[in-house]
Amino acid sequence: MTFTSPLTRTEPPRTNPELAALNSWLDYNRATLLSKLDGLTEEQAGQPMVGSGTTLHGVVRHLTTMEQFFFVEYVGGQVEPYPYYDGEKVDWDLDRSEGLQPDVDRYVALCERARAITADVDPDTVIVTKRGNTVDIRWVMLGQIQEYARHNGHADIIRELIDGTTGE
């Protein structure tokens, strides 16, 4: 059985108020990530194709952690156990995974939660992170967009190495 993304990638509007623009770029990047898995089997998604051992499935798990870190914890102020990181095992590891679909379902649920947290937040709101840094919500959202840009680039390369598929 092959994977089909539950998210539809929609180009962000070319003009948009700031918060809507930030959220639309986050959604675009979220859907881009899962589009890299379209048509792959679970085994292909978990196949390490680069020297670091990075896999497409592992990237999904990592960005699940980042959604929780940036939005649930930083913006929402809720500290909860991470789904894939326990202080020892990193989120990239698949050895304790329940499978690709359950991990994608958890990712999509955290994205929905993050979307709800950022739906009407003021980007100028200032927060102090657990590391003691003072940042505004805009910085958090742009940081997560940057995180996606970086890892979606990795996902492009990994997907091309798996089966030759390229895309944007």
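At what angle do the axes of helix α1 and α4 cross, and within what distance do they come? The tour of this predicted model begins there; local features need pLDDT of at least 70 and side-chain atom pairs pLDDT 80 or more, while totals for chains, interfaces and linings use all residues. Residues are numbered from 1 along each chain as its sequence is written, and side-chain values use heavy atoms, with hydrogens and water left out.

**First stop: α1 and α4**

Select residues 18-35, helix α1, together with α4: the axes come within 11 Å and cross at roughly 175°. That angle makes α1 roughly antiparallel to α4, a label for angles over 145 degrees, whereas those under 35 count as roughly parallel. Axes are lines fitted to C-alpha atoms, for helices over the stretch in contact, and angles run from 0 to 180 degrees between N-to-C directions. Helices are DSSP runs (H or I, at least four residues) numbered from the N terminus.

Next, display the side chains of the contact (heavy atoms within 4.5 Å). From α1 come Leu19, Asn23, Asp27, Arg30, Leu33 and Leu34, and the α4 residues include Tyr107, Cys111 and Arg115. By class, this contact has 8 nonpolar, 2 polar and 3 charged residues. Ala, Val, Leu, Ile, Met, Phe, Trp, Tyr, Cys and Pro count as nonpolar, Asp, Glu, Lys and Arg as charged, and the others, Gly among them, as polar.

**Second stop: α3 and α4**

Among the contact residues are His57, Glu67 and Phe71 of α3 and Asp103, Arg106 and Ile117 of α4. The contact divides into 12 nonpolar, 4 polar and 5 charged residues.

Definitions and conventions:
Helix = DSSP H or I, 4+ residues; strand = E, 2+ residues; numbered from the N terminus. Parallel < 35°, antiparallel > 145°, perpendicular 65-115°, else oblique.
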